[in-house]
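The report that follows should be read alongside the sequence and the coordinates. It takes up one chain, then the interface, and then selected parts of the other chain.

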Amino acid sequence: MKRFFLILILIISNNIFSILEIEIIKGSDNLSKIAFVPFAVNEGLELSQGENLAKLIESNMLLFGEFENLDKAEMLAFPSLEEDFFYRDWKIQGVDFSVIGKINSVNILGNLNISYTLFNINRRIKVLEGEIIGSENNIDGIAKIISNRIYEKITGLKGIFDTKLAYVINSDSDTYQMCISDIDGKNERILFTSKSPIMSPDWSPDRKKIAYVSFENGIAEIFIQDLKTGERDSIQALGMTNSAPVWSPNGKSLALVVSFSGNPDIFLYSIASKSLSRLTNHYAIDTEPSWSPDSKKIIFTSDRSGSPQLYEINTSSKRQKRLTRDGTYNARGRYFPDGKSIFFVHGNNGNFQIATKKLSSRFIQTLTSTSLDESPTISPNGNVIIYATKKGSKGYLGGITLNGKSRFSLPVKNGSVREPAWSPLVNK
Amino acid sequence: MEPIGIFILAMLCQVYSCAANVSDSVEQMSYASVAGEEYLQGDAVEVGLDDKVYFDFDKASLDAEDKMLLEQYLPFIKKAKVVRLEGHCDERGTREYNLALGERRALEVRDFLIVKGIKGKKIRVVSFGEEKPIKNSSNEMSWAENRRVEISLY
């Protein structure tokens, strides 16, 4: 019996272990301290359920190195109701915000009613109060919703704890895997495994599909995979190289690159009619398209000036404009969610780093300090960038928050991880 | 053939290959496509020559040494059914741009072969960008080895 129990634990914990795990390298410049008080529970529930929920919220909030926590052992009190909450207990510990709450069992089916409150200790006011009903089987999901609300209240930015990441893993045995996981690395799913390279994953705006490039048939082909059914469809673009697919904001078309006869240009592909229409026509390399949030423009890389630089094209007037001039390598640009700035890979003295630039200014700001950084992707709230980089011969993911300049990494246990793609927010 | 004849032939081939770059559909079938890669099922022909030509960073031009190697290939290529040119890049810079760059390197080799009288129809061009490096370490020596076009005959 004891042995059986042990095996059971191993099976369960195997599922919990994730391939990617975020490690904070450097916290934000001005870390706020938050106390996550274990939630109280009513009769019929375990004390550990309340502790677990507070822990889950805490690990979400600490995920990107933007906050620090007050250790449970240092807490002077464990209030769960507003009337038992005293600001001085937290002020004395240097706490900026406190989260308290209570879990009430609603019925025997495992439905829970969870109330939570957020206090701003410095201003001595209650800043957020909420209630949520959910199943005890979905305690992770409940914790994410509460974390999002707390994060929004404290930072003024949309919470991103229920977003996902797509990425490609290249294991040592030369196997390529298209994977997705929760943004904290949990619940990893392998969508597709191949002996040939996989590239350029991109989420559909409804988060139901992923487009990517696979070499499984000997050349670069674009596939769309449905996440629910697992079904894969190849886009019959029929060029010698078909690459860099990106979904339009309305999900009805893809911008992609087709090289019919050795000249890669940007095309629009309509999902409904399965037809291609040409966007750029230049003998230079045109590639790496990405849509502006209002879908009126597409940014792309072209070496028409002699080195890779960023351009944008108006999708209706087809007017083009050069966006970067400083440096000999500016490529794979993406717009910020507000459409006012771009981020991209900037080559400088043999180093390739992630950089940003306001569209209204010429000034390029470098964000990273390693030398082989690429494939940056931004959180839907515009505050966190995850990118691929390399240490030794292993590829791993690095991250940076733009507000607080915290840094973190997402190492992978086996093989190399590359080409992160951040999912959109869930459609409400 | 008179030297002038060879010259005219070479010029014609140049014009021919330029024309292919202008029109998208005319030459389409002579390039790699999903349907056209069945020859990969068979074994590549061993010719005992170095099967790679190398390039400078972000460049796709052939130097004298590369051209000499390709010249040695010509008799074997003439006998082969298919010549597959696989373009590759080093890891620096972005992946999708490198995919395009690898293609351009392979095309540079293709154009040289066409000028030398090889039929465009039997040349298959494919790029793997930076996805299939020979050396995985990040230094100038590995990068130089990874920036290549691999030639295989079927």
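## Chain B: burial and architecture

Of the 154 residues that make up chain B, 40% count as buried. The model is a predicted one, and in it chain B has four helices and four strands, which follow one another from the N terminus in the order α-β-α-β-α-β-α-β. Among the contacts in chain B between residues at least 6 apart in sequence, 78% join residues that are at least 24 apart.

## Confidence

For the model as a whole, the scores are ipTM 0.90 and pTM 0.89. The mean pLDDT of chain B is 81, with 77% of its residues reaching 70 or more. Among the elements of chain B, the highest mean pLDDT, 97, belongs to helix 3 (residues 95-115) of chain B, whereas helix 1 (residues 3-22) of chain B has the lowest, 42. Over residues 5-34 of chain B the pLDDT is below 50, and this stretch has 39 contacts in the model beyond near neighbours in sequence.

Chain A averages a pLDDT of 92, and 95% of its residues score at least 70.

## The interface between the chains

In the model, 34 residues of chain B are in contact with 39 residues of chain A. The elements that give two or more residues to the side of chain B that touches chain A are helix 1, helix 3 and strand 3 (123-129) of chain B; of these, helix 3 of chain B gives the most, with nine residues. By residue class, the side of chain B that touches chain A divides into 13 nonpolar, ten polar and eleven charged residues.

## Two antiparallel sheets of chain A

Five strands of chain A form an open sheet in the order 1-30-29-28-27, with antiparallel pairing. Strand 1 (23-26) and strand 27 (374-378) of chain A stand at the edges of this sheet, and because each has a single partner strand, one side of each is left without a neighbour in the sheet. From one strand to the next, the twist averages 30°. Strand 27 of chain A is joined by three bridges to strand 28 (residues 384-391) of chain A, the two running antiparallel, and Glu374(A) stands opposite Ala388(A) in strand 28 of chain A.

Another open sheet of chain A is formed by four strands in the order 11-12-13-14, again with antiparallel pairing. Its edges are strand 11 (198-203) and strand 14 (232-234) of chain A, each of which has a single partner strand, so that one side of each is left without a neighbour in the sheet. Neighbouring strands of this sheet are turned by 25° against each other on average, direction ignored. Strand 11 of chain A pairs with strand 12 (residues 209-214) of chain A in the antiparallel sense over four bridges, and the bridge partner of Asp202(A) in strand 12 of chain A is Ala211(A).

## Helix 4 of chain A

At 1.5 Å a residue, the 17 residues of helix 4 (residues 139-155) of chain A should span 24 Å, which agrees with the 24 Å that separate its end C-alpha atoms. The buried residues of helix 4 of chain A are Ile142(A), Ala143(A), Lys144(A), Ile146(A), Ser147(A), Ile150(A), Tyr151(A) and Ile154(A). They pack against strand 2 (32-36), helix 2 (47-61), strand 5 (97-105), strand 6 (111-120) and strand 7 (125-135) of chain A. Just after helix 4 of chain A, Gly156(A) takes a positive phi of about 80°.

Asn381(A) lies in the loop between strand 27 and strand 28 of chain A. With 19 other C-beta atoms within 10 Å, Asn381(A) is partly exposed, because a residue counts as buried if 20 or more such atoms lie within that distance. Leaving aside residues up to four places away in sequence, Asn381(A) touches Leu157(A), Lys158(A) and Ile160(A). Although Asn381(A) and Leu157(A) are 224 residues apart in sequence, they are 6.2 Å apart in space, C-alpha to C-alpha.

How values were computed
Residues numbered from 1 in each chain as written. Chains lettered and ligands numbered in written order. Predicted model: local features only at pLDDT ≥ 70, side-chain atom pairs only at ≥ 80, totals over all residues. Pairing = 2+ DSSP bridges. Axes fitted to C-alpha atoms, helices over the stretch in contact; angles between N-to-C directions. pLDDT = per-residue confidence, 0-100. Contact = placed C-beta atoms within 7 Å. Buried ≥ 20, exposed ≤ 12 C-beta atoms within 10 Å, placed from the backbone. Nonpolar A, V, L, I, M, F, W, Y, C, P; charged D, E, K, R; others polar. Expected span 1.5 Å × (residues − 1).
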